[in-house]
Each structure stands twice: as C-alpha cells, then as structure tokens.
Amino acid sequence: MSLTAFSFPTRTLYGAGALAELPAALAKLGVSRPLVVTDGGLVKTEAFAQLASVLGASNQGKTWFVFDGVHPNPIEEDVRQAAAALRENQCDGVVAIGGGSPLDAGKAARLLARRPGFDLAKFYDESDWSGLLPLVAIPTTAGTGSEVGRSSVITLDATHRKAVLFNPEMLAKLVILDPALTVGLPPHLTAATGADALTHCIESFTCPSFHPMCDGIALEGARLIFDALPKAYRDGQDLTARGHMLVAAAMGAVAFQKDLGVVHSLAHPLSSICGMHHGLANALCLVASMRLCSARRPGLYRRVGQAAGLEVIQLSDAEADRVTIAFMESFLAGLGLNRKLSQFGVKPEHLDALVAQAWEDPCHQTNAAPVTLADLRALYLEVL
Ligand SMILES: NC(=O)c1ccc[n+]([C@@H]2O[C@H](COP(=O)([O-])OP(=O)(O)OC[C@H]3O[C@@H](n4cnc5c(N)ncnc54)[C@H](O)[C@@H]3O)[C@@H](O)[C@H]2O)c1
Ligand SMILES: [Fe+2]
C-alpha cells in the first residue's frame, strides 16, 4: 500500500457580507499594507467597489494598493509586474480578488517578490518556498476553486504553455466566499466558470487514485452544482444559488488534489493556443470525453447520475452511463454550452498543435481510463 497525504487546510469564511471581515482578518495576519491583485474588468465592478469600501476608498495608494493588470489566462509578465508592485509599495501581504486568473497571479507573485529575477519556468528547482507573504483569496467567479488550491496556472514565456506551479506554501491563509461579490457575473461567465467547477468534481471523482474523502466532496460538489448552477444562470441575484456555487467550486478544487483527467488536458491548449476561456473549453470537451471514458469503464458515471438525482441504481452499467451522459448533454445545453469549438475561433489548422500540447499536459495521465495521442485527436475532432 502506498502512502497518501490527505489535506483540507484552508480557513474559509462563508456568507453574504463576509467581505466585511477582511480588515480584521488582515490585522490578525499582521498585514497593514496589502496589495490587491485583480484584473482590469473587475475593478469596474460592484464587487471591487465593495472591496474598496471595506478597505477605505480614500486610503487607496496610502495603506492599500492595487495591481489590476492580470490577463485572463495569466502570463508570466503579470506575475512579474504584480511582484514589482508588491516591492515598490512595500506591501506586506496580498489580497487576490477576482476569478482564477488574478487569484493565480497573486499567489505566484509572492514567490517573485521574495526572489526577484527568479525564472518561473524553473519553479520545480526552488526547494525553499517558505516566507511567502500572507495571502487572502476572494473569488468573484464560482469555478476554478483556486482560492483553496496549492497551485497557480501561468502561461510561461519559455514554452507558451500553461504550467501548473505547485507548492503547498502557495495556499491562502484565509478564503472569503461572499456570494454578494458574484451577483454581477454575467450569465455566460456564470455558466462557463460553473462548468469548470463541475468538470473538477467529475474528473476528480472518476480518476483512479484512492481518496475516498475527495470522492465524497466531489460528489456533493456535483450535487450542489446540478441544483444551483441553472438557478444562478437564470437569476444572478439568487444569493443562495450563488453561495452554493461558491462552496461547490471550492469543493471541486479540494477534490482535485486527488487528480484531474483528459478534459483538462484538452482544455489547457485551447486557452494557450486559441485564447479560449478555461471553463468554456472544459464545457465543450466534457460530454465527448465522458463517452470515451464510459466505453472503457462502463458504470463510471452511475454515482454522478445519482448526484444529479437520476434513477440509475437499477440500470446496467452501460445504461446508467448513457442516462447520465444524456442528462449532462441537456444540462450543458440549458446553460448555452451546447456549442462547438469552431464557434469560438478554433480552426482545423490548430489541430496538430492542440493535440501535441494536450499530449504533453499531465492531466490525462491520471484520467479514469488511459488515453492515447489518437484519442486526443479524435476527441478534438468530435467537438470541433
Ligand atoms: N489554480 C487552480 O487551481 C486553477 C484551477 C482551474 C483553473 N485555473 C485557471 O483560472 C483561470 C480562469 O479563471 P476564471 O474562470 O475564474 O476566469 P477569469 O479569472 O479569467 O475571469 C474571467 C472574466 O470574468 C470577469 N469577472 C470575474 N468576476 C466577475 C464578477 N463578479 N463580475 C463581473 N465580471 C467578473 C473578469 O474580469 C474576467 O474578465 C485560467 O487561467 C485557468 O487556467 C486555475
Ligand atoms: Fe479547471
């Protein structure tokens, strides 16, 4: 029996209005000059206005500072610039607020603030990650769960590929899940980010390693998403649905400490080569990948079907999967996600590069069933 580590460590404050706890939480962490890391879209939202109000709008540039240059699918330069802002303003902590992109950039910037000039492409050579500035992570999308994760997904200059920088020291000291911050997220982003969270739950539950704690969390996360995502999509002001989505997204990311699968290997190159939103890329690849996995491991999705409230207990393995996958197809269609890659600018001439990068991506190595290079090509062709 091999040894496995189970880890559920992040303190999380949950509830509408939880943001008001931020100043006291920062004081408790010894942070008196935080840098807020976010993106140019978010600074124009009501969510950012609420943050500014909680930190004291007139103190911006005096006791708290803002770096808002993070790109969607963040690049190395975003991390370097955020680290420079940390140093220039003599900040003693990071408040990362936004979707996965600013959260990931804010997490990684702390390493470069401590080690200016460090080559992020060599992150695995860095043995000492201690002493990073404290991080408070505040998601405004319910998708990536980056707020509770130990990794940061950055497109590296050297490879133009998404790299998953991983170290437990990267964890936030505190997570604030405040559904009031997500009510302004438009329906198409609510759907796409929610599909990312759902993909985390499904891929982590079905990947083969032994982790019953994560399996339980993944299934309950999926159950919450099946119930709450259509509600949040239809009515962005539904605070209960928004709240359940935030918790479920965090659960998805806790669950994928177990592992992920082929859908994420297909999705990563769609972002780095074609600029596609990560959740959207997952959503468009999910059903085809489930069909492939089910053909190799019939019955794989029975418990996912149960989490969706489907009557699949008495069915044969193949039939339980068929019913569950058909449900998934209509569930995604109800969120406007029954689309093809070609509708988002992906062209047949991208295919070779997509397949090559997906093959190099490590996620498919932990897929529910082994996949080949030819499988990756066939999956892309099916959803093109
Ligand atoms: N670290 C991890 O564990 C992990 C896991 C999955 C994905 N990711 C990464 O996260 C990134 C994707 O994150 P994302 O899907 O959250 O998208 P994102 O952070 O790129 O945000 C997408 C858009 O939504 C806008 N937005 C965010 N919150 C809003 C709000 N409340 N109201 C209005 N607009 C809002 C942003 O301004 C941005 O334009 C990708 O780079 C992906 O690779 C990381
Ligand atoms: Fe993801």
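Two strands pair if DSSP finds at least two bridges between them. Helices (H or I, at least four residues) and strands (E, at least two) are DSSP runs, numbered from the N terminus. By that pairing rule, isoleucine 97 stands opposite isoleucine 138 in β5.

This is a predicted model, in which local features need pLDDT of at least 70, side-chain atom pairs count only at pLDDT 80 or more, and totals for chains, interfaces and linings use all residues. Residues are numbered from 1 along each chain as its sequence is written, while chains are lettered from A and ligands numbered from 1 in the order in which they are written.

**Overall build**

- The protein has 13 helices and eight strands.
- Its radius of gyration, taken over C-alpha atoms, is 20 Å.
- Along the principal axes, the C-alpha atoms fill a box of roughly 65 × 45 × 45 Å.
- Of the 384 residues, 52% count as buried. A residue is buried if 20 or more other C-beta atoms lie within 10 Å of its own, exposed if 12 or fewer, and partly exposed in between, with C-beta atoms placed from the backbone.
- Two residues are in contact if their C-beta atoms, placed from the backbone, lie within 7 Å. Among contacts with a separation of 6 or more, 77% join residues 24 or more positions apart.

**Domains**

- The protein is divided into domain 1 (11-182) and domain 2 (187-383). These bounds come from an automatic or database domain assignment.
- The domain centres, taken over C-alpha atoms, are separated by 26 Å.
- Domain 1 puts 25 residues into the contact, and domain 2 puts in 26 residues.
- On the side of domain 1 that touches domain 2, nine residues are nonpolar, 13 polar and three charged. Ala, Val, Leu, Ile, Met, Phe, Trp, Tyr, Cys and Pro count as nonpolar, Asp, Glu, Lys and Arg as charged, and the others, Gly among them, as polar.

**Ligand 1**

- Around ligand 1 there are 33 residues. A residue is near a molecule or strand if its C-beta atom, placed from the backbone, lies within 6 Å of it.
- The closest residues are Gly41, Gly99, Gly100, Ser101 and Thr144.
- The shell holds nine nonpolar, 20 polar and four charged residues.
- At least two shell residues come from each of α4 (100-114), β6 (151-155), α5 (187-206) and α9 (278-296).
- Ligand 1 lies between domain 1 and domain 2, because both give residues to its shell.

**Strands around β4**

- All six residues of β4 (93-98) are buried.
- One face of β4 carries Gly93, Val95 and Ile97, and the other carries Val94, Ala96 and Gly98.
- Strand β2 (residues 34-37) pairs with β4 in the parallel sense over four bridges. Valine 37 has alanine 96 as its bridge partner in β4.
- Strand β5 (residues 135-139) also pairs with β4 in the parallel sense, over five bridges.

- Strand β7 (residues 162-166) runs antiparallel to β6, and five bridges join them.
- Isoleucine 154 has alanine 163 as its bridge partner in β7.
- Six residues lie between the two strands of this hairpin. In the turn, histidine 160 has a positive phi of about 55°.

**Loop residues**

- Asparagine 73 is in the loop between β3 (65-67) and α3 (76-88). Its phi is positive, about 55°, although it is not a glycine. Asparagine 73 is buried, with 20 other C-beta atoms within 10 Å.
- Glutamine 90 is in the loop between α3 and β4. Its phi is positive too, near 50°. Glutamine 90 is exposed, with 9 other C-beta atoms within 10 Å.
- Glycine 336 is in the loop between α11 (317-333) and α12 (351-360). It counts as partly exposed, with 13 C-beta neighbours inside 10 Å.
- Leaving aside its neighbours within four places in sequence, glycine 336 is in contact with His188 and Ala191. Its C-alpha atom is separated by 9.8 Å from that of tyrosine 233, 103 residues apart along the chain.

**Helix α12**

- Leu354, Val355, Gln357 and Ala358 are buried in α12.
- The buried residues of α12 pack against α8 (262-274) and α13 (373-383).

Conventions
The radius of gyration is taken over C-alpha atoms; the globule rule is 2.2 Å times the number of residues to the power 0.38.
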